[in-house]
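These notebook entries record what I looked up in one structure.

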Amino acid sequence: MRLFPGRFDSHRGSWNHICENHFYKRIPSMPIVNIQLIEGRSDAQKEALIEKVTEACVASIDCTPESVRILLSDVSTQHFGMAGESVAKRRAAKESNGA
């Protein structure tokens, strides 16, 4: 089966290609999900997150599980700030007040 140039379907966000028999063959777009987490989650929690986010992509944007790409990034508490302070500093202050 040879593919001929097609047209971009802006509603679906992917290309439709016309096959030799003039039927449309949809080549799905590949969703890429980038998630940043404050460090401390277990590998099991990350696996569960990957599974659930993949299921959500499949259900909401009509793609295949094989096309979903998920990138998890652990961010150090020293490298994540809120209200002018790092999370590490905020946690240390909370622990010293509670002790």
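**Basis.** I worked from a predicted model, in which local features need pLDDT of at least 70, side-chain atom pairs count only at pLDDT 80 or more, and totals for chains, interfaces and linings use all residues. Residues are numbered from 1 along each chain as its sequence is written, and side-chain values use heavy atoms, with hydrogens and water left out.

**Helix 1.** I took helices (H or I, at least four residues) and strands (E, at least two) as DSSP runs, numbered from the N terminus. Helix 1 covers residues 43-61, 19 residues in total, and reaches 27 Å from first to last C-alpha, close to the 27 Å expected at 1.5 Å a residue; the expected span is 1.5 Å times one less than the number of residues.

**Faces of helix 1.** I looked up burial (buried is under 20% relative accessible area, exposed over 50%, partly exposed in between, with a 1.4 Å probe and protein chains only). Lys46, Val53, Thr54 and Cys57 are buried in helix 1. Seen down the axis, the buried residues fall within an arc of 105° and so line one face of the helix; the arc is that of the directions from the helix axis to the C-beta atoms. They pack against strand 4 (32-38) and strand 5 (69-75), where contact means heavy atoms within 4.5 Å. On the other side, Ala44, Glu47, Lys52 and Ala59 are exposed.

**Positive phi.** Aspartate 62 follows helix 1 and lies in the loop between helix 1 and strand 5. Its phi is positive, about 55°, although it is not a glycine, and aspartate 62 is exposed at 53% relative accessible area. Alanine 83, also not a glycine, has a positive phi of about 50°. I found alanine 83 in the loop between strand 6 (81-82) and strand 7 (85-86), exposed at 77% relative accessibility.
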